[in-house]
There are 2 protein chains.
Amino acid sequence: MIDVCLLGCGGMVPLPDRSLTALLYKYNGKMILIDCGEGTQVSIRRMGWGFKAIEAICITHYHGDHIAGLPGLLMTMGNSGRTEPVTILGPPPLADVVRALTIIAPELPFQVILKELPVEAAACWKIGEIMINSTPGEHLIPSLAYNLQINRAGKFLVENAIAYEIPVKYWSKLQRGETIVHQDKKYIPEMVLGEPREGIKITYITDTRQTDSLIPFAKDSDLLICEGMYGDDSLIGKARERGHMVFSDAAKLARESNSKELWLTHYSPSLGHPEDFLETAAKIFSNTKCGEDRMWRHISYHSEKELS
Amino acid sequence: MIDVCLLGCGGMVPLPDRSLTALLYKYNGKMILIDCGEGTQVSIRRMGWGFKAIEAICITHYHGDHIAGLPGLLMTMGNSGRTEPVTILGPPPLADVVRALTIIAPELPFQVILKELPVEAAACWKIGEIMINSTPGEHLIPSLAYNLQINRAGKFLVENAIAYEIPVKYWSKLQRGETIVHQDKKYIPEMVLGEPREGIKITYITDTRQTDSLIPFAKDSDLLICEGMYGDDSLIGKARERGHMVFSDAAKLARESNSKELWLTHYSPSLGHPEDFLETAAKIFSNTKCGEDRMWRHISYHSEKELS
């Protein structure tokens, strides 16, 4: 149903063999990007998913390693033939930052829609069926964590449709969530749909220290992608002071939020071999993986879920 | 004496296996960078020459592929421990562009000195012994070509120093170009220095169509690095319309300017195999090479010149 790609796993500076942390999400032909550091467009190109279908770009915060690639990406999207509007979401001052950076990308063949998200409270925005949720992090400057959710309606209950004597021609409309009025009778989706089924939730958290509010935000994620600036627990003080986490912070968040899988990312350039510290996290949350550039997964609805 | 590295050979967009065109120049422990597209800092890192010694950054023009990497590079230079001022040179509106882009690099540990260069006339700026010369190009927006020159004083003529009865303790000062007054006598460098010897000149021309004024500008270059957006002469109309050159334009410029060597660069992403068209240029100017990412050369003064 959904393809998720961690475009890079680095933090602070792009390295020859480690791209900056960003997420590319694909569902039903639409793509959403979270973060866009220097070189993110090169990583997207390596993946081969194209640029034209990027509907929205969510930015966590305005440190260069999460935003410096924006003007170049927008130009490349323009060159790819995109003419439909592109939505950019981020904390304040979104308009100032986008206006400043696009001084070098003055003529784009599509409209840029800006959606500034609050840094004091959670927020939600919808791109087609994809719910983009944000919540404040705690970093050196205002930052946001994101999750992307696809909700799934309940199963269609044929027996109910028959019992209510609903004409067959309306069944698919009701299944899609429409309300029908027919010969003075009103049929609503709830009459024929079972309990909502589990959807798919991907959570992306970076450039924030661990906070209690992140636990409900990440609750029941199919995949939690979370920063681990350092692997070694002895650096926990340094990490927190700079608004970051160590691997064990991320693992605790995965466990406490009941997430199904954790990918670590946003490694410090000083962390040459993240896998040396994987065990530190895996002891706390066993289904932890060290993120790598362009690591990706296909995630299906619960009943069909499988690793790709 | 001088190390010159072509950090990338691509134009328009950074590609997985082709960095954007930029030049890194190293002389006596000082470095000068020309152009800074997205990913230039990664290519510098691959070269291993460090970031701290970059004294000046020259920008040809403000299309994203030549400037988008600037804020990231400045931050990385800050992280490298640089505290000495950095000079940025470029056409107008330099201050507006740098101010806008550094919205995401607000706190740098060094001063940024801006030197706006004219787009109507040639100009010159000096960084230590390095002369940075600029001249206008003809592109879709104002652009500049650059050359970097090290001049070399004449040989010290011991016989003259003896004939003028100059005390030996002043010889080295005169050789360095200083004027000496001693017991009411004035000694000037010209008394003891022979004819100025040939220095080293590196010319970098991109994002301009071929113009007559570029010939004297590139005159007698030891190395001419020049754009060749397309290899095929049949695309000459398209190239000129967009303010670019084909390989044969660059080769003619190399020949007419009496340059010693030509490196082609700034290939269109559509030009997958530049070497397929090398012969087109080499027929006009035999010492032509197709630029590649991080191709570099050590260039010595004329009497000592050799390929590294």
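This is a predicted model: local features need pLDDT of at least 70, side-chain atom pairs count only at pLDDT 80 or more; totals for chains, interfaces and linings use all residues.
Chain A can be superposed on chain B with an RMSD of 0.1 Å by a turn of 180° and a shift of 0.0 Å along the axis. This is the relation of a two-fold axis. The residue of chain A that comes closest to the rotation axis is A100(A), whose C-alpha lies at 2.3 Å.

In the interface, 27 residues of chain A are in contact with 27 residues of chain B. Four helices of chain A each supply at least two residues of the side that touches chain B: helix 1 (40-47), helix 2 (64-67), helix 3 (70-79) and helix 4 (94-101). Helix 3 of chain A gives the most, with five residues. By type, the residues of this side of chain A divide into 16 nonpolar, eight polar and three charged. Of the interface residues of chain A, 100% are also interface residues in chain B, so the copies meet through the same surface.

Helix 3 of chain A is mostly covered, with eight of its 10 residues buried. The buried residues are L70(A), P71(A), G72(A), L73(A), L74(A), M75(A), T76(A) and M77(A). Within chain A, the buried residues of helix 3 pack against helix 1, strand 4 (54-58), helix 2, strand 5 (86-90) and helix 4. They also pack against helix 2 (64-67) of chain B. Helix 3 of chain A is followed by G81(A), which has a positive phi, near 100°.

The UniProt record, an unreviewed entry, carries the annotation "domain: Metallo-beta-lactamase" for residues 19-195 of chain A. In the model, this span is 23% helix and 30% strand, and its end C-alpha atoms lie 42 Å apart.

Strand pairing was examined in chain B. Strand 9 (residues 144-152) and strand 12 (residues 197-205) of chain B pair in the antiparallel sense over six bridges. In this chain, I150(B) has I200(B) of strand 12 as its bridge partner. Strand 12 of chain B also pairs with strand 13 (residues 223-227) of chain B, in the parallel sense over four bridges. Here T203(B) stands opposite L224(B) in strand 13.

In chain A, strand 12 (residues 197-205) contains I202(A). This residue counts as buried because it has 25 C-beta neighbours inside 10 Å, the cut-off for burial being 20 or more. Apart from neighbours within four places in sequence, I202(A) is in contact with V4(A), Y25(A), N147(A), L148(A), S221(A), D222(A) and L223(A). I202(A) and I150(A) are 52 residues apart in sequence, and their C-alpha atoms are 9.1 Å apart in space.

In soluble globular proteins, nonpolar side chains tend to be buried together. The largest nonpolar core of the model has 156 residues. Those with the most contacts inside this core are L23(A), Y25(A) and A250(A), together with L23(B), Y25(B) and A250(B). For Y25(B), the contacts beyond four places in sequence are I2(B), V4(B), M31(B), I32(B), L148(B) and I202(B). In chain A, Y25(A) is likewise among the contacts of I202(A).

How values were computed:
Residues are numbered from 1 along each chain as its sequence is written. Chains are lettered from A and ligands numbered from 1 in the order in which they are written. Two strands pair if DSSP finds at least two bridges between them. A nonpolar core is a set of buried Ala, Val, Leu, Ile, Met, Phe, Trp, Tyr and Cys residues joined through C-beta atoms within 7 Å. A residue is buried if 20 or more other C-beta atoms lie within 10 Å of its own, exposed if 12 or fewer, and partly exposed in between; C-beta atoms are placed from the backbone. Two residues are in contact if their C-beta atoms, placed from the backbone, lie within 7 Å. UniProt positions are given in the numbering used here, feature names are shortened, and annotations may be inferred rather than shown by experiment. Copies are superposed by least squares on the C-alpha atoms of residues with pLDDT of at least 70 in both. Ala, Val, Leu, Ile, Met, Phe, Trp, Tyr, Cys and Pro count as nonpolar, Asp, Glu, Lys and Arg as charged, and the others, Gly among them, as polar.
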